[in-house]
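Hi,

Here is the structure I promised to pass on to you. Have a look at it first, and then read on for what turned up in it.

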Amino acid sequence: MVSFTLNEEQEALRRTVEEFAKGVVAPVIGRHYERGEFPYEIVTRMGKMGLFGLPFPAEYGGMDGDYFTFCLALHELARVDSSVAITLEAGVSLGAMPIYRFGSAEQKNRWLPELVLGERLAAFGLTEPGGGSDIPGGMRTTAQLDGDEWVISGSKAFITNSGTSITSVVTALAITGRTDGRPEISAIMVPSGTPGFIVGPEYSKVGWRCSDTRELAFSGCRVPAANLLGERGRGYAQFLQTLDEGRIAIAALAAGLAQGCVDECLRYAAERTAFGHQLGHYQATQFKIADMAARAHLARLAWYDAAARLVAGQPFKTEAAIAKLTCSNAAMDNARDATQIFGGYGFMNEFPVARFYRDAKVLEIGEGTSEVQRMVIARQLGLRAGPG
Amino acid sequence: MNIVVLVKQVPDTWSERRLRADDSTLDRDAADAVINELDDYAIEEGLRLQEAHGGEVTIVSMGPQKAADAIRKALSMGADKAVHVTDEALRGSDGLVTSAVLASVLGRTGFDLVILGSESTDARMGTLAAMLAERLGVPQMSFASKVETDGSKITIHRQADYGYDTVEGALPAVVSVVEKINEPRYPSFKGIMAAKKKPVETLSLADLGMDASQAGLAASATQVVSFANRPPRAAGTIVTDEGDGGAKAAEFLASRKFI
Ligand SMILES: Cc1cc2nc3c(=O)[nH]c(=O)nc-3n(C[C@H](O)[C@H](O)[C@H](O)COP(=O)(O)OP(=O)(O)OC[C@H]3O[C@@H](n4cnc5c(N)ncnc54)[C@H](O)[C@@H]3O)c2cc1C
């Protein structure tokens, strides 16, 4: 029988993260958001709770959980705030996971323990100013072997967690040569503070304002040859699974935001009166909230299914793309409706729904746009691209 | 060091709480149950002292079956084992009975230090530390906002309106803590998984050598004889400002002896 009931431990973790989000994140995040500040003390406490270690084994200080429990934590955090959720998502699935999966024993021992404890953050640089969807077509960054060093030149755009004071390393994809005229792509780890590695200022973003996002430049930046992560020339291929997994994580985050909209509206509909009645007594409000709850529910089922397949070792590429597409749509729709129910207050930054509204849009863009998800689904269905 | 932390499950302060119509005891089924808020601080302090001095942290709780959830949470925070006293006959027990039962459990477990929250959010008597210390014949160190010990001597800051007193005593002792003492940890997933495998001993009154006549409402020295719901908030007084709003507001406050 198919069942999506959480087991006792998953439910205990869900409740713990819910309490943390309400007790520790909710009271202060609005202020950080207004100032566009990275919430260091919240991230430290998330680290102490072991959230950054959820899908990693105890050997590296991890929690021995799995990717499903990790997504569950993202979902609960995003019910309250997306900036802290994306900091965790990127830290784990883009930062630490590739090192865990493809790193040598030495690389793992050097970088993972601090990342798993959330004391340090790692970032992953794929997107470039010239293009994010079209990899490798839009890639220009190169790395050339000079003796026993890589010399990296180029730039990366929109890289999450790349410039915090606790960022330890950025894994950058770069063109390391050409075979039969096609670019050979490899992943190279660049420690923060390496000469020639220039971290740009924080972007001014519409949403996710407490998350750290920067443009990076590499200008004759030299790192040891041993900083190659995984196999040379397999840079993109080996990260395809990481990207598929990341889509489930973003889906969980989006479903959390969609649920957060329902939570807020239920509260507000009982508090606010207009024309002598609670907002919640009007059928127009009830139907809106009912639609929102339905979307949040379907969104949750979509990522549960994709994550369950992943954990069970089954193919999940299609389901992950469907989950990301479905959940980010739900987040957008619910954020729009929630803001409407809140009226003028919904447009004020200090209200969570206003943050939800600003944070929802990027879910249709980051870690593969909605168009890219549709492309993936179509390819998986066997549909082939035509000529232009 | 053998540290025992007392934990009570209470109705969530955020949910609506009711007394039962038949015997004026708390309706524990009507509200979500959570760990008493101050007990989180007691557990945290126990774990910190254990981290500094070694030994074991044992959770002791008296309460209905579902108090097992509160115990599980305490274990997932890092405590080593637990004792759960549960018996139908205990329902309605007041502080005096509770202290007798807990003293009996502490006699079995032994202890160097007993830590508890300075009050529970349901009954709010705040007397358990005193009763327990008296029954056990050990020093009572109440309202601690800081605890230090070298394993034989214990020093606390006793929180007061004017600041704090520094109070010193010898172990074994009973310490009640206030919110200011620390920042309780959230359980980690590893802690949650580990809690499943930690030993929880369940005891009945008979296991403690007590019988039903010594427990529950009948054996309690105090009883709730009647209760009334808080009256609904009365309509406010509207002061129309005709240039003298400030004076009128002040008059109103003065008439109620606020100023
Ligand atoms: C806040 C934030 C954080 C980010 N963090 C990271 C990070 O940590 N690491 C990282 O590597 N990247 C990161 N990104 C980049 C993100 O993954 C890219 O923005 C995304 O993949 C889209 O790439 P692009 O912006 O270059 O858009 P483009 O690829 O230029 O796309 C522009 C538009 O064209 C559409 N499009 C493109 N190709 C096609 C096609 N063939 N058919 C139909 N439509 C098409 C796209 O869907 C999109 O609507 C982040 C982005 C943001 C906004």
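This is a predicted model: local features need pLDDT of at least 70, side-chain atom pairs count only at pLDDT 80 or more; totals for chains, interfaces and linings use all residues.

Let's begin with the ligand. It is surrounded by 25 residues, and the closest are Leu126(A), Gly132(A), Ser133(A), Thr369(A) and Glu371(A). In chain A, two or more residues of this shell come from each of helix H4 (82-102), strand E1 (121-125), strand E3 (149-160) and helix H10 (370-380). By type, the shell holds 11 nonpolar, 10 polar and 4 charged residues. Both domain 2 (122-233) and domain 3 (237-380) of chain A contribute to the shell, so the ligand lies between them.

H10(A) also has a helix partner. Helix H8 (residues 317-342) of chain A packs with H10(A) at an angle of about 150°, and their axes are 9 Å apart. The crossing of H8(A) past H10(A) is left-handed. On the H8(A) side, the residues that meet H10(A) include Lys317(A), Ala321(A), Leu325(A) and Ser328(A). Their counterparts in H10(A) include Ser370(A), Arg374(A), Ile377(A) and Gln380(A). This contact is made up of 5 nonpolar, 5 polar and 3 charged residues.

Finally, the two chains. Their contact takes 14 residues from chain A and 9 residues from chain B. On the chain B side, the largest share, 4 residues, belongs to helix H5 (residues 189-195) of chain B. That side of chain B divides into 5 nonpolar, 2 polar and 2 charged residues.

Enjoy exploring!

Best wishes

Notes: Residues are numbered from 1 along each chain as its sequence is written. Chains are lettered from A and ligands numbered from 1 in the order in which they are written. A residue is near a molecule or strand if its C-beta atom, placed from the backbone, lies within 6 Å of it. Ala, Val, Leu, Ile, Met, Phe, Trp, Tyr, Cys and Pro count as nonpolar, Asp, Glu, Lys and Arg as charged, and the others, Gly among them, as polar. Domain bounds come from an automatic or database domain assignment. Axes are lines fitted to C-alpha atoms, for helices over the stretch in contact, and angles run from 0 to 180 degrees between N-to-C directions. A crossing is left-handed if the near helix is turned anticlockwise from the far one by less than a right angle, and right-handed if clockwise. Two residues are in contact if their C-beta atoms, placed from the backbone, lie within 7 Å.
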